[in-house]
Amino acid sequence: SQDTAHKLVSNLESVDEEVRLQAVRDMKNAIIGNRKKKSAYCSAGAVPLLVNILKSYPKSHDHDSSSIAVHAAAALGSFACGSSESMKEIVSCGAMPPLCALLHSSSIKVVAAVTRTLKIMLQSHPSQAHFIFSP
C-alpha cells in the first residue's frame with residue numbers, strides 16, 4: 001500500500017543503521033517484479049534516498065555498511081528494470097557516479113551487486129546507454 005511505501009521510504013532516512021538496512025531490504029524484496037509497488041515507492045521518493053545511501057557508503061565503516069550498499073544497488077537495479085521513467089529518475093538523481101565509484105570497493109559483494117545493477121540498466125534500456133553514462 002501507499003502507506004507502507006511512505007513508511008519504508010521515511011525509514012531510509014533513519015539515523016539508525018539497522019532501521020535503514022531493514023527498510024532497504026524490505027523495499028528491494030517488495031518491488032522485485034512488481035510494477036505497481038515500484039511506482040508507489042518511486043512516487044514516495046525512494047530513488048534519491050537509495051542514491052544517497054550509495055553516495056555515503058564509502059564513508060560508512062560499520063559492519064552492515066557493505067550489506068546496505070548491496071541491497072541499495074539491487075533495489076536501484078530493480079527500479080531500472082522495465083521502466084524508463086524510473087531509469088530516468090535514477091540517472092537524474094546522480095546514481096551513476098556513486099555506482100561507478102563502488103566498482104572499486106574492497107567488498108566483492110558490493111562490486112558484484114553494482115555490476116549486476118549496471119548490467120540490468122544497460123540490458124533494460126540499450127537505447128539509453130548514452131543517456132545513462134553521459135556526465
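A nonpolar core is a set of buried Ala, Val, Leu, Ile, Met, Phe, Trp, Tyr and Cys residues joined through side-chain atoms within 4.5 Å. Here, buried means under 20% relative accessible area, exposed means over 50%, and partly exposed covers what lies in between (1.4 Å probe, protein chains only). The model examined is a predicted one, in which local features need pLDDT of at least 70 and side-chain atom pairs count only at pLDDT 80 or more, while totals for chains, interfaces and linings use all residues. Residues are numbered from 1 along each chain as its sequence is written, and side-chain values use heavy atoms, with hydrogens and water left out.

The overall make-up comes first. The protein contains 9 helices and 0 strands, where helices (H or I, at least four residues) and strands (E, at least two) are DSSP runs numbered from the N terminus. Read from the N terminus, the order of elements is α-α-α-α-α-α-α-α-α. Of the 135 residues, 47% are buried. Contact means heavy atoms within 4.5 Å; among contacts between residues at least 6 apart in sequence, 68% join residues at least 24 apart.

In soluble globular proteins, nonpolar side chains tend to be buried together. The largest nonpolar core in this model has 44 residues, and the members that touch the most others are L12, M27, Y41, L50, F79, L99 and M121. Two or more residues each are given to this core by α1 (2-11), α2 (17-31), α3 (35-43), α4 (46-56), α5 (65-80), α6 (84-92), α7 (96-101) and α8 (108-124). The largest share, 9 residues, is supplied by α5. Leaving aside residues up to four places away in sequence, F79 touches M27, I31, K38, Y41, C42, A46, V47, L50, S86 and I90.

How do the helices pack? Two packed helices are described by the angle between their axes and the distance between the axes. Axes are lines fitted to C-alpha atoms, for helices over the stretch in contact, and angles run from 0 to 180 degrees between N-to-C directions. The axes of α1 and α2 come within 8 Å and cross at roughly 140°, which makes α1 oblique to α2; angles under 35 degrees count as roughly parallel, over 145 as roughly antiparallel, 65 to 115 as roughly perpendicular and the rest as oblique. On the α1 side the contact is made by L8, V9 and N11, and on the α2 side by V19, R20, A23, D26 and M27. For α1 and α3, the angle is about 50° and the axes are 9 Å apart, so α1 is oblique to α3 as well. This contact involves Q2, T4, A5, L8 and V9 of α1 together with A40, Y41 and S43 of α3.

Y57, in the loop between α4 and α5, is buried at a relative accessible area of 11%. Its C-alpha lies 8.6 Å from that of L102, 45 residues away in sequence. N52, in helix α4, is partly exposed at 41%, and 8.4 Å separates its C-alpha from that of A95, 43 residues along the chain.

Finally, the cysteines. A disulfide is a pair of cysteine sulfur atoms within 2.5 Å, and the structure holds 0 of them. The cysteine sulfur closest to that of C93 belongs to C42, at 8.1 Å, which is too far for a bond. C93 is partly exposed at 21% relative accessibility, and C100 is partly exposed at 27%.
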